[in-house]
Amino acid sequence: MSNVPAELLYTSDHEWVSALTDEGTVRIGITDHAQDALGDVVYVDLPSEGDTVEANDSFGEIESTKSVSDVLAPVAGEVVAVNEAVNDDSSLVNSDPYGEGWLVELRPANADDLSGLLSAEAYKAELD
């Protein structure tokens, strides 16, 4: 069974989203299930700070030994931080997808959009 932290929100496309911070941002990454399905991640292509993304649009790619997968934005917003560590060491996406392997921080255009994401329980149900 994949690791599915209860405090995060999820998409059907296997992205996770942290709770909204006091600064009005969320952190986004791919789930343990996604990194496991991808296999060894060899390259991550992420947007730049200041880029805006639309919900459900691709904002980056993750290349593994098996395939290349788009990373989809769970909500619309502005990229306020990019995890440079995964640009330097893409294996962090495999070894610590919910910690050091996060991808971007986003300031949602509408915080209410987060309510449309899946709870940990709902995401686990989709995996079963």
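**Two residues in a predicted model**

Asn94 is found in helix 3, which spans residues 92–95. The structure examined in these exercises is a predicted model.

**Exercise 1.** Decide whether Asn94 is buried or exposed, and then describe which residues its side chain reaches.

*Solution.* Begin with the relative accessibility of Asn94, which is 18%. Buried means under 20% relative accessible area, and therefore Asn94, at 18%, counts as buried. Next, list the residues in contact with Asn94, leaving aside its neighbours within four places in sequence: these are Gln35, Gly39, Asp40 and Val41. Finally, look at the polar contacts, where the side chain of Asn94 meets the side chain of Gln35 at 2.8 Å, and where the side chain of Asn94 also reaches the backbone nitrogen of Val41 at 2.8 Å.

**Exercise 2.** Locate Lys66 among the strands, decide whether Lys66 is buried or exposed, and state what the UniProt record says about this residue.

*Solution.* Second, consider its relative accessible area, which is 60%; because exposed means over 50%, Lys66 is exposed. Third, turn to the surroundings: apart from neighbours within four places in sequence, Lys66 is in contact with Asp36, Ala37, Leu38 and Gly39, and the side chain of Lys66 reaches the backbone oxygen of Ala37 at 3.4 Å.

Terms used
Residues are numbered from 1 along each chain as its sequence is written. This is a predicted model: local features need pLDDT of at least 70, side-chain atom pairs count only at pLDDT 80 or more; totals for chains, interfaces and linings use all residues. Side-chain values use heavy atoms; hydrogens and water are left out. Helices (H or I, at least four residues) and strands (E, at least two) are DSSP runs, numbered from the N terminus. Buried means under 20% relative accessible area, exposed over 50%, partly exposed in between (1.4 Å probe, protein chains only). A polar contact is a pair of N or O atoms within 3.5 Å; within protein, one must be able to donate a hydrogen and the other to accept it, and residues adjacent in sequence count only if both atoms are side-chain atoms. Contact means heavy atoms within 4.5 Å.
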